Amino acid sequence: MFRNKRRERFKTVLIVVLAVSSVFLAGKTDIFARLSESAPALSYFRGLFAGEMSPGEASGSRPAEGSSSTAAESPCTIVITNDNGMRYGAQYSRELTDTYKKISNIIGEAFGSSGLPEESTEKAWLNALSRRSVYMEYRTELPIALLVKWFGMSMLNRNEKSASRFMLSVDENDFVWAWFSGEEGIFKSSTAVQESSLTQLISEFLPNGAYFAFEAQRGCERTEPYALIVDNPEYFALNSENIIHFDSVREQIEQLFGLNILEGASYTEKNGTVVFVGTDGILKLREDGVLSYAVSGKSDFTEGKLVYSADEMIETSYAMISKMRSGREGDEILSFSGIERTESGGYQVKFDYYVNGTEIIMPDGAASVFFENGDVSLLRVCMRKYELGEECSSVLPALQAAAMAGGLKRGGRPCLVYAESGAQYLPSWTVE
Amino acid sequence: MEAGKIKNIIIIILAALNLSFLAVIVLDLNETRYAEIREKTELVSFFDANGIYIDADVIPGEVTAGNFYLTRDLSQEKNIINVLLGQAEPQDQGGNIFYYENENGSAFFRNNGEFEINFAHLDDTEGAQKTAASLLKKINISYDDTDSYTEEHGDSRSISMLCTWQNVPIANCRLTLTIFAGGSAQLAGKRPVGTPQRMGDCDMLGINTMLIRFLDEIKSGGYVCDRIEDVDLCYIMRSFPSEASLEPVWQIVTNGGTYRVSVGSGELLND
């Protein structure tokens, strides 16, 4: 009897083992796959047995792509020159963004570790540009300290100089110099960058026939000398749409601004502009997606801290507008385009939208933030997104555009922009 | 019916079920294996028709690779110094370059993983290879011991090793230990800037598609190659100002040089 009991217990255990093993083996075949198509809840079991990664396995919250620097402006032109003086150039293309990512570490390291700047000459600058070098140009003059900060690097010898052109170049002794050129002149500084690191980076870029206008054989004598001549294989049209939708605008505005909008305190003007009156300011939203917010007391945008320096105004404005647009963007990026004094003695910080380094022309720019007495007084943002559409084949080649620019204006520079054309934005050349 | 008999029937049914599932799995595996062999044979013939020899054994099976990101770990750098040189405080040289110095030597670390540690004196009684292995073990850097080589320059000897992550080589992270005649030494190169964090699997082209794309790139680029000697998965570390990534790439060794190919697009990479 005791033996019978043991035998029965063994059979029970064997049944359980065989049952579990058959479920396991069934999971290894396609049976659960077919069943889960008709009963989705079973797909969990299929994943479990197939050894797929469970949702919790991917660890870490990675910084969003593009947040590797907090730069409020990206360069409009990058040129990489190899040992033979041949150049790889990027502008008005996706390659510009990709190249910028690859070079940003070494540029930040160079200017962060740079010694005190010494004045230099145009001749020495051009000589450096013809050697192994990495060159980038911005649309506006930027403080070098701000540029290094955007790269998230420390700066050994802070200098107060600004420039719009920056370059790393290797001299005949294999020493890497940091150069910058702007309205204050041309300067160079020593760096702690290793020549091998810069050379390795340069070797990753194959020359693509790019050259500067001053290197053109003929036709560009009157063109701005540093206009880059390089043809892109393709150009695209842009489609745009509002990112604030009128049917849920109240909720979106409250979410964006944390506004305490007075019940009933909204109305629509004759031109279709919706106006919201809040306790802290008045918000207007136009049909074309332009949003303006006039602060009537203290704004919360600077988090209680008064902002007086240009660097702080640029960074505060950029962070604020980026946050407003976060999760709603298309292919455009926001880029700082200038800071001016207003008639009332305050400052206006301006931004434009760019797609692949190409500016989208708008009457009032993409955004403006007005500062009075250290605080935000008025904010105006175009809440639209832009996405690349079909290819355009009617864009003039870069060399012809450069020659045309010089022909129209001495020192003129060809500039590719997106201009509104019916329902789309199309690329075309203008002269700066 | 007795419980015992019912159990017997259930056991027989379950055993038969297990056997049939096993048979399905084994047949499946065999079919997959034969399909792989067939595909490899066809690929070898295709390459042969295009003037390139490739051994079927060199063609890897389908694999998955992860995407990783890393953030620079300054405490890890300080720990390396503590272990190898002793206590020393970092000095900021600007550009996120940190310098350490004490009576045992000096070192600097850069944002992109490049570093250099100079030892005033290093005990080398075990030989360069064992000394290097011991140093790397102390500072938790894993390396590929099948891809190390030694060199001699005058009175100094050096050994070079490739870093790995989860046993996959990081192709652009190589370290060299150089031991000089007077007993001083230098450990320099590029290392992963922090501990890689997995972000999920990478979208990969099938092996056959990738190799055919590679053939296209070779022909259109005018590269010289008539023999593929090895095809392996490795990582490339890409550094940006505030983060880095480990990007999986295929490394294809040919008699005309070594090429790296994107796992997602099959494009030839220039680095």
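Reader: What share of the contacts in chain A with a separation of 6 or more comes from residues 24 or more positions apart?
Author: It's 60% of them. A contact here means two residues whose C-beta atoms, placed from the backbone, lie within 7 Å.

Reader: What am I looking at, and how are things numbered?
Author: This is a predicted model, where local features need pLDDT of at least 70, side-chain atom pairs count only at pLDDT 80 or more, and totals for chains, interfaces and linings use all residues. Residues are numbered from 1 along each chain as its sequence is written, while chains are lettered from A and ligands numbered from 1 in the order in which they are written.

Reader: OK, what's the mean pLDDT of chain A?
Author: The mean is 85, and 85% of the residues of chain A reach 70 or more. pLDDT is the predictor's confidence in each residue, from 0 to 100.

Reader: How many helices and strands does chain A have?
Author: There are 10 helices and 22 strands in chain A. Both are DSSP runs numbered from the N terminus: helices are H or I with at least four residues, strands are E with at least two.

Reader: And how much of chain A is buried?
Author: 38% of its 432 residues. Buried means 20 or more other C-beta atoms within 10 Å of the residue's own, exposed means 12 or fewer, and partly exposed is in between, with C-beta atoms placed from the backbone.

Reader: Take A:Met136. Buried or exposed?
Author: A:Met136 is buried, because 24 other C-beta atoms lie within 10 Å. A:Met136 sits in strand β4 (residues 133–143) of chain A.

Reader: What does A:Met136 touch, leaving aside neighbours within four places in sequence?
Author: A:Met136 is in contact with A:Pro75, A:Thr77, A:Ile78 and A:Phe166. A:Pro75 is 61 residues away along the chain, yet the C-alpha atoms of A:Met136 and A:Pro75 are separated by 6.2 Å.

Reader: Switching to helices: at what angle do α4 and α7 of chain A pack?
Author: About 170 degrees, with the axes of α4 (residues 94–112) and α7 (residues 195–203) of chain A 11 Å apart. So α4(A) and α7(A) are roughly antiparallel to each other; that label applies to angles over 145 degrees, with under 35 roughly parallel, 65 to 115 roughly perpendicular and the rest oblique.

Reader: Which residues make that contact?
Author: A:Lys102, A:Ile103 and A:Ile106 from α4(A), plus A:Ser197, A:Leu198 and A:Leu201 from α7(A).

Reader: Now the chain A and chain B contact. How many residues from each?
Author: 38 residues from chain A and 34 residues from chain B. On the side of chain A that touches chain B, α1 (2–28) and α4 of chain A each give two or more residues, and α1(A) has the largest share with 11 residues.

Reader: How is chain B divided?
Author: Into domain 1 (3–66 + 200–269) and domain 2 (72–193), with bounds from an automatic or database domain assignment. Their centres, taken over C-alpha atoms, are separated by 34 Å.

Reader: How many residues of each domain of chain B are in contact?
Author: 11 residues of domain 1 are in contact with 12 residues of domain 2 of chain B. On the domain 1 side, the largest share, 6 residues, comes from β12(B).

Technical notes. Axes are lines fitted to C-alpha atoms, for helices over the stretch in contact, and angles run from 0 to 180 degrees between N-to-C directions.
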